[in-house]
Amino acid sequence: MKILHTADWHIGQRLHERQRTDEHKRFLEWLLETIQAHQVELLLVSGDIFDTALPSSESTNLYYRFLYRLYNETNAYAVITAGNHDSPRHLEAPREFLEMGRIYVVGLADKPKNCVVTLPRENPRVAVAAVPFLSESDLRHLSYETEVDRNERYRERFKTFYADCVAAMPSELPKILMGHLFVQGGQVGDSERNVQIGGATATHASDFPKNVSYVALGHLHRPQTIEGTAYPIRYSGSPIPMRFNETGYRKKVYLLELSDDGTLIQDKEIEIPIFKELCTIEGNEVSVLSEAITGDWAGKYIQVKLKLDTPRVGISDEIRKAFGDGGGEVLSVELELPKAKEGPKIPLEDMKRPEKIFEEFHRSKFDGEPPNEILIQTFKELVEMVEETE
């Protein structure tokens, strides 16, 4: 059976308030073409379908149009789970209706056996544990429990849940596990919401059951494989970069082929095209404006990190216009100014002497030059006037 693993679509996500509907639309069109070209029989989507629990009508429409085309234009099955960004109930509300179109959605992890899907239903060839995001908030509160103890209790719940899923699967079928969580060893960016308890690692590769063929994970946005088991544990990552710092690596989906006994006979990654290029430009005013004039910025989103010696009013607008004239759009201008000089150091015994503080302040502002007698006398008179009014 040919299987395609993807996750973290985050439909409806905005980048500096820019709507990214067109990027998601183009990704879903590419995904459908990829499924057709490789004759994929099963699509796995491991959580975070939407960016918010209450997606807009536009985002919802984009999602269901894709599912309809998947049903109408391919013979593929799909298994979709909820992530920490999704509303479990919202996602699985049309569950029974979607099953008529070969699409299986699991939003709530109430019982392990309810997460197990065998496909095709008439003549099963693979068993999938479609486990959505398991929230630590579902754990019963225990008084005086430490974060370490709570983390271990979460790990035990996690291990037991997956073990029960595997126990509910037909023993003769190849087994795939899905999940949306953080596993120790994964590379985290800054665009994933924290799904750990108290900052401690929630799960380990060894917590997954043995005798499975593949683990298809979501939550981390960088495509990666977690070491530590005889079978692949993979994050497919998000299909488009969620932040400017995610442009240093290519986005991917994973194409697998399982034999009837669960052996992985094909295991390849497919790079996702760049639908909207994100660029970061760094330098001083001269170099940044020079790049804006000479570069090709058509259709690109740009982040500028500008180094200035002194603040200058209107420089951000100038940079936005310069890149805009080249067809690009600057979404962010970050200004970097020299660090402020350290203020005067005044001994503790001088802290109650205003004239001494004034002298040190004058020296710090005028290259060590002390105030003259006229300034000192004027300052003393001002201090006396303030004291008289108190």
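Leu42 stands opposite Tyr77 in β5, and this pair belongs to a predicted model in which local features need pLDDT of at least 70 and side-chain atom pairs count only at pLDDT 80 or more, while totals for chains, interfaces and linings use all residues. Residues are numbered from 1 along each chain as its sequence is written, and side-chain values use heavy atoms, with hydrogens and water left out.

**Strand β4 and its partners**

Helices (H or I, at least four residues) and strands (E, at least two) are DSSP runs numbered from the N terminus, and two strands are said to pair if DSSP finds at least two bridges between them. On these terms β4 (residues 42-46) is joined to β5 (residues 77-81) by 5 bridges in the parallel sense, and β1 (residues 2-6) also pairs with β4 in the parallel sense, over 4 bridges, with Val45 as the bridge partner of Thr6. Of the 5 residues in β4, 5 are buried, where buried means under 20% relative accessible area, exposed over 50%, and partly exposed in between, with a 1.4 Å probe and protein chains only. The cover extends to both faces of the strand, with Leu42, Leu44 and Ser46 on one side and Leu43 and Val45 on the other.

**The sheet of 6 strands**

An open sheet with mixed pairing has the strand order β7-β8-β9-β10-β12-β11. Its edges are β7 (116-119) and β11 (224-226), each of which has a single partner strand, so one side of each is left without a neighbour in the sheet. From one strand to the next the twist averages 25 degrees, the axes being lines fitted to C-alpha atoms, for helices over the stretch in contact, and angles running from 0 to 180 degrees between N-to-C directions. Helix α5 (residues 147-167) packs on this sheet, touching β7, β8 (126-130) and β9 (175-180), and its direction makes about 150 degrees with that of β9; contact here means heavy atoms within 4.5 Å.

| Side chains joined | Polar contact |
|---|---|
| Arg234 and Thr225 | 2.6 Å |
| Arg234 and Asp267 | 2.8 Å |

**The sheet of 3 strands**

A further open sheet has the order β15-β16-β17 with parallel pairing. Here β15 (278-284) and β17 (329-336) stand at the edges with a single partner strand each, so one side of each lacks a neighbour in the sheet. The twist averages 15 degrees from one strand to the next. Strand β16 (residues 301-307) is joined to β17 by 7 bridges, with Glu336 as the bridge partner of Lys307, and helix α6 (residues 285-294) lies across β15 and β16, running at about 140 degrees to β15.

**The whole protein**

The protein has 9 helices and 17 strands, and 47% of its 390 residues count as buried. The C-alpha atoms fill a box of roughly 100 × 60 × 35 Å, taken along the principal axes.

Terms used. A polar contact is a pair of N or O atoms within 3.5 Å; within protein, one must be able to donate a hydrogen and the other to accept it, and residues adjacent in sequence count only if both atoms are side-chain atoms.
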